[in-house]
Amino acid sequence: AELAALDEEISGCRRCPRLVAWREEIAATKRAAFRDEVYWGRPVPGFGAPDARILILGLAPAAHGGNRTGRIFTGDRSGDVLFAALHRAGLANQPTSVSRDDGLHLSDVRIASAVRCAPPDNKPTPVERDTCAPWLHREVTLLRPTLRVVIALGAFAWAAWWPTLSTVYGVKPPVPRPKFGHGAVFLPEGGPGSPQPGPALLGSYHVSQQNTFTGRLTPAMLDDVLSQARHLAGL
Ligand code: DU
Ligand code: SF4
């Protein structure tokens with residue numbers, strides 16, 4: 001219930017003037033193929049299990065994907081790849097994700113983006129990144145009781161995790177920061193004999209077409225990441 005209230009609050013956010021203008025312009029002009037649809041045109045909240053052990057963190061909603069459907073990774077090529085993989089891993093009840101009322105249900109997984117509004121060229125500014133960060137902090141605070149693993153899709157999400165780790169868990173990230181890479185893992189350390197103070201961070205190439213069409217990220221590679229995440233999450 002608290003998570004649903006947070007989702008509502010996020011959906012009404014207008015803190016970034018450039019992104020508010022952009023998301024609404026896309027929603028008004030549309031892509032020809034979707035001309036009969038009413039675009040969401042607002043911030044896109046997280047989606048999935050409120051008791052998630054795994055959080056999948058993306059960059060930002062796609063202009064004609066999440067910004068159209070109102071659900072993260074829903075209705076775009078990145079989502080096609082991601083949800084198919086989640087279904088193969090037994091974490092989603094269906095392999096496809098087309099609209100907010102398509103019956104998709106995730107188990108043990110929540111998906112969110114580091115920036116909640118679709119940005120021009122998929123590139124938020126540093127100020128926009130920092131302005132949006134508190135929403136992620138609040139979401140992770142609510143997920144904290146069950147959260148064990150964060151999968152960062154791409155270097156932007158990987159970098160967005162450090163302030164969250166420090167704000168929500170009080171864990172100072174190492175200096176220099178561990179480098180993003182596909183398959184990179186960071187396990188925060190407690191003092192001697194104390195338990196791990198925060199979730200494991202797992203890096204994966206982003207599921208964007210740029211990576212999946214070129215074979216930089218294959219379905220098998222994504223299956224391996226999800227299998228490792230399941231293992232780290234104790235699933
Ligand atoms: O109605 P609800 O149980 O609060 O779920 C809201 C929303 O989240 C619904 O679209 C299903 C999804 N969801 C999920 O994917 N996995 C869960 O474990 C619980 C809810
Ligand atoms: Fe608000 Fe984040 Fe959208 Fe900026 S990007 S308007 S902070 S939801």
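On a 1 Å grid laid over the protein atoms alone, a pocket is an open set of points with protein on both sides within 12 Å along at least five of seven lines, whereas a cavity is a set of points where a 1.4 Å probe fits but cannot get out, and lining residues have an atom within 4 Å of a point. A molecule sits in a cavity or pocket if more than half of its atoms lie within 2 Å of its grid points. The model is predicted, and local features need pLDDT of at least 70, side-chain atom pairs count only at pLDDT 80 or more, and totals for chains, interfaces and linings use all residues. Residues are numbered from 1 along each chain as its sequence is written, chains are lettered from A and ligands numbered from 1 in the order in which they are written, and side-chain values use heavy atoms, with hydrogens and water left out.

**View 1. Ligand 1 takes up the space of the second largest pocket.** Phe47, Gly48, Ala49, Pro50, His105 and Leu106 surround ligand 1, where a residue counts as near if one of its heavy atoms lies within 4 Å of the molecule. The protein covers 47% of the 440 Å² of accessible area that ligand 1 has on its own, as given by the Shrake-Rupley method with a 1.4 Å probe. This shell has 4 nonpolar, 2 polar and no charged residues, with Ala, Val, Leu, Ile, Met, Phe, Trp, Tyr, Cys and Pro counted as nonpolar, Asp, Glu, Lys and Arg as charged, and the others, Gly among them, as polar.

**View 2. Polar atoms of His105 and Leu106 lie beside ligand 1.** A polar side-chain atom of His105 is 3.3 Å from an oxygen atom of ligand 1, while a polar backbone atom of Leu106 lies 2.7 Å from a nitrogen atom of ligand 1; a polar contact is a pair of N or O atoms within 3.5 Å.

**View 3. The second largest pocket holds about 300 Å³ of space.** Its lining has 17 residues, of which Asp7, Pro45, Gly46, Phe47 and Arg71 are the closest to its centre. Helix H1 (2-11) and strand E1 (47-48) are the elements that give two or more residues to this lining, and H1 provides the largest share, 3 residues. Helices (H or I, at least four residues) and strands (E, at least two) are DSSP runs, numbered from the N terminus. By class, the lining divides into 7 nonpolar, 5 polar and 5 charged residues.

**View 4. The largest pocket contains about 840 Å³ of space.** Among its 31 lining residues, Ala62, Ser78, Asn122, Ser208 and Gln209 are the closest to the centre. At least two residues of the lining come from each of helix H4 (77-88), helix H6 (155-169) and helix H7 (209-212), and the lining comprises 14 nonpolar, 12 polar and 5 charged residues.

View 5. The residues around ligand 2 include Cys13, Cys16, Cys117 and Cys132, together with Arg15, Arg23 and Arg116. Helix H2 (17-29) and helix H5 (126-143) each supply at least two residues of this shell, with the largest share, 3 residues, coming from H5. The shell divides into 8 nonpolar, 1 polar and 3 charged residues.

Methods: A polar contact is a pair of N or O atoms within 3.5 Å; within protein, one must be able to donate a hydrogen and the other to accept it, and residues adjacent in sequence count only if both atoms are side-chain atoms. Grid points are joined across faces, edges and corners, and a volume is the space filled by probe spheres set on the points.
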